[in-house]
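Dear colleague,

I am handing over the structure below, and I would be glad if you could look through it before reading my notes, which follow it.

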Amino acid sequence: MATVRVDAETKDVFDSEKISDHSSIDSSPEFVDEKALAEKAEAVALQVISTRDDPGLPVLTFRVVFLGVGLSAFSSVLGTIYTFKPQNATVSQLFCLIIAYVLGTAMAALPSHGLWRYINPGPFNIKEHTVIVIMSSTASSVATAMEIIAALDLFYDLRLNSAIAVFSIFSTQMLGYGMAGLLRTFLVYPTYAFYPSYISVVNLLQSLHFGGALNVKKRRFFWIVFTAIFFWEWIPQYAFPLLTAISVVCLADNGHHDFVRNLFGGGSSNEGLGLFSFSTSWTLITQGTPLVWPLQTLGMGLGYLFLTGGYYLNVFHGRNIPFMSTALFGVDGNSYNQSAVIDTDFKLNQDALATVGFPRYTTTYALSQLFYNLSLGSAFTYIIIWHWPELKAAFGGLRFLKKGHAEVDDPHYNAEVPQWVYGLLFLVSLAVGIGCSYAGPHGTVLIPAWSIIFFTRFSISIKYAVQIIAAFLHPGKPIPVMYANLFGNSTSFQTLYLLQDLKLGQYTKVPPRMTFAAQMAGSIIGSIFNFTMMKIIVSNNREVLKDPIGTRVWSGWVVQQYNSASVAMGAFGKELFSIGKPAGYWIIPFALHVEFIGLFVPLPFYIVWRYSRPDSRSAKAMKYINVPVITLYIGWLPYSVNGQWWPCLVIGVFSQWWLRTRRPRWFVKYNYLLSAALDGGSQVILFVLSFAVFGASGNAIPFPTWWGNSDTSSVDRCKST
């Protein structure tokens, strides 16, 4: 359809090929540019989110401090608990948003006269609400440093001083924040800097706080969905767990064949890839954010072929060890005895190695690392060939280092924090991180200063690549490899978190200085409670967390990744990852070298697009093939539980293709609100269940055994127990 008019507030008109950079759209536009909405991901930000602002709204209030601190402590504890669960669950920002809204509006009902006016300065407004959400969700983002400190405790019996541990967690987060601040000119402010998962957050914030008849209707819609999922979710999560992963193939096989379990199982930790397994639990489905992510990100299907085929073709000689796990195994298929080959000074014992032998990865985990590095390689070429104009505009003349703002094309943009503040934060955090690395137990130097400085240069998420490089810089030393991952990889994730929150503040017109302060406060509180809760969980569940598979209640699969890398790459880097070695792992770092493999993968798709007619189906299809994302998701499956991905596919296609192209008005008004309601309701009931019956408070109360809750097999009947 051609472009139609927008709301009367601005009287701007959308061009049929490009959305106007100066449009100001009400939170519920009457008319929608359907063609732009269907073709451009960033069009959603302009058509769903309002540019409305009231500069007089108070931002720093008693409510913000009180609720921000309380919810930060609460969400950081919950986030830490989820880290040690078999499900890859996280504390959603929408969860924090709902709780903050309920408590904030309750405080706004208090008296507002006399001294009460300091507690209740007036109606609970959108800017206060946003600051609380940023603060609490920052605290809920569990730091990689905490996971590595847990790995040191579990697998090396190395316990850091509490103060050193907390400062280590905080400093690594702040390194990422300083780095993000220097890059925000082109990764936050322009319209093309689109963060799809945050659209539902902003849409809900504006719906809750902006008046109008339509918004009343949207609020009613939200609460109906929120209540429905709240009362539904306890059924698959507690009373009827079979509904978390319904596999017709597994029900027919009833756990008799390993092949069926490996390919079709997906209900229990490290069980299988979950092919054709359908979950009815939104707690699991939301991990794929199917109502939010653009259609280009649905690229997981090839993983079933590569991972299963690789295992049964005995790639990496892994047929005699479990199909899925992030832990290390010996040649006999049992857990690897790392304590026998790592001395008390945390170096490789060559004499013991002759008896114990080299460790092995599961085939699926090794392939996951391979495709992750392949994704990294292809990302360089993909960005250059498809986004060269944006790169040139962003980096031209190194303007982003000289100032923190530029000519920004996003109507949601406003003034911000000076550039030197982020630079100073980065340098101070680096100094603190270096100091903490020299304060290990008994004088242990966890990683030298020169190595920290080297690895903080990596400003993108290169996970396994960092570990491989560290293995060759620190041969035979597993702990420096673990810490190299911390400073080289953790900072990149914290960079992304800051960028997202800066965009959230931009959309809701929160002064950037308040966004910055909220992130700093949330990180401080989160660091303290992350460490405290981690110590409690590790102390009470030590043996379960060290088990390669785990249980239905607790699992150490997240922490085991860091230990596996530290041993395999740190202690045996040259022996395992060099060409000609028996394990065949040399291909994993080989994929890192972009000049060999990853560099060329995006080129065929670009060439087809370049020499096709612009309006042809082949040209349009090539633009949707995001090679780095596809290769990344090929190796996405061999972790945790996998019963949720097929419903994610169905819902994602329905939302991001059918609704977006056939019902664009409904999509703009309700799609992201629906996502917020489903996430919020399921997170609230999951929190209640975690403390009421799942044992987060110390005592688990199992539901009585029946056909839908078996105690002799996995929840989807793919594996006997």
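Is Tyr365 buried or exposed? In this model, which is a predicted one, Tyr365 has a relative accessible area of 2% and is therefore buried, since the cut-off for that class is under 20%.

On the aromatic rings, the structure holds 27 aromatic pairs. One of them joins Trp223 and Phe226, whose ring centres lie 5.3 Å apart and whose planes stand at 75 degrees, so that the pair is edge-to-face. Trp223 and Phe226 are three residues apart in helix α10 (residues 213-239), and are therefore separated by about one helical turn. Trp223 counts as partly exposed at 31% relative accessibility, whereas Phe226, at 10%, counts as buried. Tyr361 and Tyr365 also form an edge-to-face pair, with 5.4 Å from centre to centre and 80 degrees between the planes. Elsewhere, ring pairs link Phe259, Tyr311, Tyr312 and Phe323 into a cluster.

On the helices, the axes of α7 (residues 144-156) and α25 (residues 557-571) come within 8 Å and cross at roughly 70 degrees, and the two helices are therefore roughly perpendicular to each other. The crossing of α7 and α25 is right-handed. Among the residues making this contact are Ile148, Ala151 and Leu154 of α7, together with Val559, Tyr562 and Ser566 of α25, and the residues of the contact divide into 10 nonpolar, four polar and one charged.

Methods: Residues numbered from 1 in each chain as written. Predicted model: local features only at pLDDT ≥ 70, side-chain atom pairs only at ≥ 80, totals over all residues. Heavy atoms only, no water. Axes fitted to C-alpha atoms, helices over the stretch in contact; angles between N-to-C directions. Helix = DSSP H or I, 4+ residues; strand = E, 2+ residues; numbered from the N terminus. Parallel < 35°, antiparallel > 145°, perpendicular 65-115°, else oblique. Left-handed = near helix turned anticlockwise from the far one by under 90°. Contact = heavy atoms within 4.5 Å. Nonpolar A, V, L, I, M, F, W, Y, C, P; charged D, E, K, R; others polar. Phe/Tyr/Trp six-rings, centres within 6.5 Å; stacked < 30°, edge-to-face > 60°. Buried < 20%, exposed > 50% of the residue type's maximum accessible area, 1.4 Å probe, protein only.
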